[in-house]
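The model is a predicted one.

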Amino acid sequence: MPARVRHVLLPGRHHLVTRFQTAYLHALLGGELADSAGEPVECDLDANVVWAVTSATHSGTRRNPLPAHRREAMIERVTAVEGLPSVVAPVADVPPSPRFARTVLASVELTTGVTATPLDTVVACSTPEVAAMYADLGFRVVPVEDACDVVPDRPWDVLELLATGDERWRDLAHPEVVHFYDRYRLDAAITLIHEDPTVSTEGDLTTTRDYRTYTAAFDDASDRKWDLVAPFVVPGRVVDLGCAAGGLLERASRDPRLAESDLYGVDISRHLVAEAEHRRAQGVFANPNVFFAQRNLLRSPVFPAATVSTTLTVALTHEISSYGAGRDDLELLAKRIYEHTAPGGVWVCSDVLGPLDGDRLVHLALDGTSAGAEPVDLSGWTREAVAAHVAALSPAERLVQLAQDFPALSGGACDVRWVDGSVAELTLRAAAEFLYTRDYVDSWLSECHERFCDMTWPDWVALLEGVGFVVDPASGPWRNEWLVENRLSVGAALRDAATGEPVEWPDTHVTFVARRPL
């Protein structure tokens, strides 16, 4: 006869608790059930349930919509009302691993002091792959939902009902869960996350970006970017949309003019917001009133109407256009920013810019040759393998590759006619897209998903004035001479397709200050 049970280990993400789960746990602790081998489970009078909340460091995504503190509070409420003796153990999000069960056990011991062993613990789990891991370690397993002749809805099934607007979730979830969700409006938050078409299940725009390189590049440029936008910042509530890991706000937090201001960083990427929060915990920000949130402004407003003094967007608008619905999403962004901007407040934006007369045909002379070069299907390659392949290509060969990847991933046009092995005929817009993209080999597929030239300066003026902003005279297009000298012109030259005369490098960036009238 197996030893009496002291702990019931219940691993799972636990975004909600069902009525079935609590009834099952009562029956299990009452000695009414058997394990998967048919042996009765006899529990000590003081046996408890150990709720191992997995992926506790991951939230705001379709895979894990709720943060761990909400899940823990919900479990504590349910178990208190049910009279279920319980402890809750958060388990960090980890990649799939055959050691997952050991990771959970170690986390439980570290956070609760409970050392669960096969001698005194039964594992309640209905996921076959996970149950097998515990069985391999010698644990007895009770199959929970799988123990029933008619398998009831699992917690994730119920959550998906909620996300699709099916009100049956309220009958399947424990009543205290329903009250908890209503109190904190969690159903609306989960629905919003599930409906967001631009964000992956991991909470990011793209899965092909090297975030270490991206963050380092953004941080390296933060001093220059802050110098560019700082003169126009209106103190008060200052919001950096697309804040990345907080590099710009780090500079803002040191500005004496903003000592009494509240600084908010908002980004769609879970990875970047987590890094920003980590930096805040390390004391990187001089201003204590710095806050970060993972949000998508296009899905719903983030701030109340007319409450923001300054909105900053740096290198953001081209991403919104690329990953969303193009100019329609930029207009929606402008409307949302206008709505949350206080009278007299500003939207300060700096980003790349498409060239005027973008449909003009030009000749792009490149080092190397396209002769014999064929594009490679990079789908399924690792990011490192893609980077190594693209880095080895000459400028001409890289254009051959981009002419395949850019239209397929971004939906933009890049029609190339080779005049000879080193001279390509294409539009000025397509040439700019190539030259702006070609050096980002570490995140090649991610960069090929982005269109840098959707907007010209007249496009921006029309859009901003159309939603009610007044464009400050300091606004306008400009050319980044460092970029021209160190990137665009390296191994490349622009000529007029008809005359062969050199073509002046177009404006590469825009900085605008859009004011909401008093």
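Asp454 and Arg451 form a salt bridge in which the closest N and O atoms are 3.0 Å apart. Asp454 is buried, and Arg451 is buried as well.

## Partly exposed pairs

The structure holds 23 salt bridges, and one of them brings together the side chains of Arg4 and Asp44, at 3.1 Å from N to O. Because Arg4 lies in the segment before β1 (5-12) and Asp44 in strand β2 (residues 43-53), this pair ties together parts that are 40 residues apart in sequence. Arg4 counts as partly exposed at 43% relative accessibility, and Asp44 also counts as partly exposed, at 22%.

A further salt bridge, at 3.7 Å from N to O, is formed by the side chains of Glu331 and Lys335. Both residues lie in helix α14 (residues 327-340), where they are four residues apart, or about one turn of the helix. Glu331 is partly exposed at 34% relative accessibility, and Lys335 is partly exposed with a relative accessible area of 38%.

## The largest pocket

The largest pocket has a volume of about 1,200 Å³. It is lined by 40 residues, of which Gly60, Ala189, Ile193, Gln294 and Arg295 are the closest to its centre. By class, the lining of this pocket comprises 22 nonpolar, 11 polar and seven charged residues.

At least two lining residues come from each of α2 (68-82), α8 (186-195), β7 (262-267), α12 (270-281) and β8 (290-294), and α8 gives the most, with six residues.

Key:
Residues are numbered from 1 along each chain as its sequence is written. This is a predicted model: local features need pLDDT of at least 70, side-chain atom pairs count only at pLDDT 80 or more; totals for chains, interfaces and linings use all residues. Side-chain values use heavy atoms; hydrogens and water are left out. On a 1 Å grid over the protein atoms alone, a cavity is a set of points where a 1.4 Å probe fits but cannot get out, and a pocket is an open set with protein on both sides within 12 Å along at least five of seven lines; lining residues have an atom within 4 Å of a point. Grid points are joined across faces, edges and corners, and a volume is the space filled by probe spheres set on the points. Ala, Val, Leu, Ile, Met, Phe, Trp, Tyr, Cys and Pro count as nonpolar, Asp, Glu, Lys and Arg as charged, and the others, Gly among them, as polar. A salt bridge is a side-chain nitrogen of Lys or Arg within 4 Å of a carboxyl oxygen of Asp or Glu. Buried means under 20% relative accessible area, exposed over 50%, partly exposed in between (1.4 Å probe, protein chains only).
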